[in-house]
Structures are given as C-alpha cells and as structure tokens.
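The text moves from the strands to the helices and then to a single residue.

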Amino acid sequence: MYVWGRLARMMATAGSRGPYMVGDQSRLAFRCLPTDIDFNSHLNNARYMMLADLGRIDLFLRVGLVALARRNGWAPMIGGLQSAYVREIRLWRRFEVVSSIETWEGTSVVGKHRFVLDNGETAALILTTGGVYDRRGRRFLEIDEVVAALGHSTRPRPLTETERAFMISHKNLREQAKQV
C-alpha cells in the first residue's frame, strides 16, 4: 500500500480510534514495504517524514482541526522537524508510529512522532513544529485561539529543555534560510 492507500486507510479508520485529546497518543500500525526501502533494504528517511505526516493528520482529524480549518479558511502547516534514527526498520518489519501534540507556545505547536518496532524498541524519534495559518487574516494563529475554537480549555505545559533547544535551532535555521 503506497502513500495514498495508507492515507485512505488511516482516514477510514480514524473514527474507530475515537476523539483525540491533547496529551493522548495516536498509534498507527504499519509494515515496511518494498516501496518504503532504500538500497540498504530499510525504511528510507523520506518515508519516515511521510509516515509522521499520517500521524499528524490522524491527530488533526480526530481533534476536529481538519473540519474547523476548512470552515474557517485555516491551513495547518509544518514549520520544521528534527529526526534521530537509532534502529533500522528492515523490509517487512512491523512497527507503529506513535504521534502526539506535546505542547505549544504562541503560534507554534510542538509534535512528537516515535517509530516503535514490534518488540517495543524505538527506531526513530521526530520532533516537529508547526502552526495554523489563517489565510483570510494572513497570519499564524495563536495556538490558544485554535484550542479554544476546538472547544477545549487545555493549557500548554512548559517546553522541556530538549523542546526548547529544538525550537531555538529551528528559529535560527529558519532565519538563515530567509537570508540565502
């Protein structure tokens, strides 16, 4: 099953996983397929990003963000990510992508995607940052505003040291990219 098949499967089964609440985890099960591998016969780095996208979309669907964004002319967007690969996901190996919204600060939200092998070991960890862009207002929304529009009163926890270092690194790289 290639990207579109996996997306269709995730969307068709989202209801069976129930609503998502911040602090919960999304768990999507996969198997490493021949279309996922590189010449080392393991999951290629681009596929990790695509599968993290599916985890993020699952969260957005189940929390109600996709419907809300469509109604309001908003666009959830990823701003950047950092990946750490610690174990291979070999051809035909089963694994899960465990995704969560960790916290937020201002207009930026921090997400986490952990790739978990069938024996429980972590194969990779991806931290993401993103936001919700208001196309009509031409601005990124405060995440507190988005959370309130979703009908939740959840408050963000403070960034961990790792998350803060990631956000600083992302900000610096973003500034550098704008100058090139």
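## Strand pairings, helices and a buried threonine

In this predicted model, strands β4 and β5 form a hairpin with 4 residues between them, and within that turn Gly-120 has a positive phi of about 95°. The two strands run antiparallel and are joined by 8 bridges, with β5 covering residues 122-134; across this pairing, Val-109 stands opposite Gly-130 of β5.

Strand β3 spans residues 94-105 and β4 spans residues 108-117, and they pair in the antiparallel sense over 10 bridges. Within this pairing, Ser-99 has His-113 of β4 as its bridge partner, while Ile-101 is bridged to Gly-111 of β4. Strand β3 also pairs with β1 (residues 26-31), again in the antiparallel sense, through 6 bridges, and here Ser-26 stands opposite Ser-99 of β3. Of the 12 residues of β3, 9 are buried, so the strand is largely enclosed by the rest of the structure.

The pairings described above are collected here.

| Strands | Sense | Bridges |
|---|---|---|
| β1 and β3 | antiparallel | 6 bridges |
| β3 and β4 | antiparallel | 10 bridges |
| β4 and β5 | antiparallel | 8 bridges |

Turning to the helices, α2 comprises the 19 residues 45-63, which at 1.5 Å a residue should span 27 Å, and the distance of 28 Å between its end C-alpha atoms agrees with that expectation. The N-terminal end of α2 is capped by Asn-44, a side-chain oxygen of which lies 2.9 Å from the backbone nitrogen of Ala-46. After α2 comes Gly-64, with a positive phi near 95°.

Helix α3 (residues 65-72) has Leu-65, Leu-68 and Ala-69 among its buried residues. Seen down the helix axis, the buried residues of α3 fall within an arc of 100°, so they line one face of the helix. Arg-70 and Arg-71, on the other side of α3, are exposed. The buried residues of α3 pack against α2, β2 (74-85), β5 and α4 (143-149). Just after α3, Gly-73 takes a positive phi of about 75°.

Which strand holds Thr-129, and is this residue buried or exposed? Thr-129 is found in strand β5, and its relative accessible area is 4%, so it counts as buried, the cut-off being under 20%. A polar atom of the Thr-129 side chain lies 3.4 Å from the backbone oxygen of Val-109, and Val-109 also stands opposite Gly-130 in β5. Leaving aside neighbours within four places in sequence, Thr-129 is in contact with Ile-78, Gly-79, Gly-80, Ser-108, Val-109, Phe-166, Met-167 and His-170.

Terms used:
Residues numbered from 1 in each chain as written. Predicted model: local features only at pLDDT ≥ 70, side-chain atom pairs only at ≥ 80, totals over all residues. Heavy atoms only, no water. Pairing = 2+ DSSP bridges. Expected span 1.5 Å × (residues − 1). Polar contact = N/O pair within 3.5 Å; in protein donor to acceptor, adjacent residues only side chain to side chain. Buried < 20%, exposed > 50% of the residue type's maximum accessible area, 1.4 Å probe, protein only. Arc of directions from axis to C-beta. Contact = heavy atoms within 4.5 Å.
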